[in-house]
Amino acid sequence: MGPVEFIVLAFPEEQLRVPAVEAVIGLRKTGVVRLIDGLVTTKTAAGEVLAAEFDEFMELRGLLAHREAARLIGPEDVREAAELLDRGSCALLLLVEHVWAEDAAIAVRAAGGRIVGSVRIPAERVGVA
């Protein structure tokens with residue numbers, strides 16, 4: 001298995017942006033990442049935090065149908081992600097495996113190594129807009 005990452009993709013309204021959802025679906029289809037788990041979290045204008053399964057959204061229905069493992073994103077993850085959101089916004093919470101790095105991860109483990117850290121660098125820090 002390649003490295004696994006928990007990602008929160010925030011949107012400025014309480015509804016998902018379809019082009020972004022299509023992009024996530026496209027990554028999965030190319031085999032670059034494997035979607036392990038996912039939820040949609042909303043922080044209403046009143047500050048209430050809601051979580052919904054992908055199957056509750058037409059554009060996400062069936063995206064996790066292949067899932068064999070138990071649900072891994074839990075209530076604590078939802079609360080932490082909601083702290084990152086403005087009121088009146090929503091987010092896709094994704095647990096993904098970086099399939100593209102699987103061979104390297106296997107080789108590192110076979111050599112007795114392990115991944116001990118990972119830092120996400122914002123695009124604006126590396127000059128990519």
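This note goes through the fold, surface and nonpolar cores of a predicted model.

1. **Fold.** The protein chain has three helices and four strands. Read from the N terminus, the order is β-α-β-β-α-β-α. The C-alpha trace spans about 50 × 35 × 30 Å along its principal axes.

2. **Contacts along the sequence.** Take the contacts between residues at least 6 apart in sequence. Of these, 79% join residues at least 24 apart.

3. **Burial and surface.** The chain has 129 residues, and 33% of them count as buried. Its accessible surface comes to about 8400 Å². Carbon and sulfur atoms hold 56% of that area.

4. **Charge.** There are 20 negative side chains and 14 positive ones. The centres of the two sets lie 3 Å apart.

5. **Main core.** In soluble globular proteins, nonpolar side chains tend to be buried together. Here the largest nonpolar core has 16 residues. L16, L35, F54, L60, L92 and L94 have the most contacts inside it. Three elements each supply at least two residues of this core: α1 (18-30), β2 (33-43) and β4 (89-98). The biggest share comes from β4, with four residues.

6. **L94 up close.** Which residues does L94 touch, leaving out those up to four places away in sequence? They are E5, F6, I7, L9, V24, L35, D37, F54 and I73. Of these partners, L35 and F54 are also listed with L94 among the residues with the most contacts inside the main core.

7. **Second core.** A separate core has nine residues. Among them are V78, L85, L93 and L95.

How values were computed. Residues are numbered from 1 along each chain as its sequence is written. This is a predicted model: local features need pLDDT of at least 70, side-chain atom pairs count only at pLDDT 80 or more; totals for chains, interfaces and linings use all residues. Side-chain values use heavy atoms; hydrogens and water are left out. Buried means under 20% relative accessible area, exposed over 50%, partly exposed in between (1.4 Å probe, protein chains only). Contact means heavy atoms within 4.5 Å. Accessible areas come from the Shrake-Rupley method with a 1.4 Å probe; for residues, only the protein chains shown count as cover. Lys and Arg count as positive and Asp and Glu as negative; His and the chain ends are not counted. The place of a charge is taken as NZ of Lys, CZ of Arg, CG of Asp or CD of Glu. A nonpolar core is a set of buried Ala, Val, Leu, Ile, Met, Phe, Trp, Tyr and Cys residues joined through side-chain atoms within 4.5 Å.
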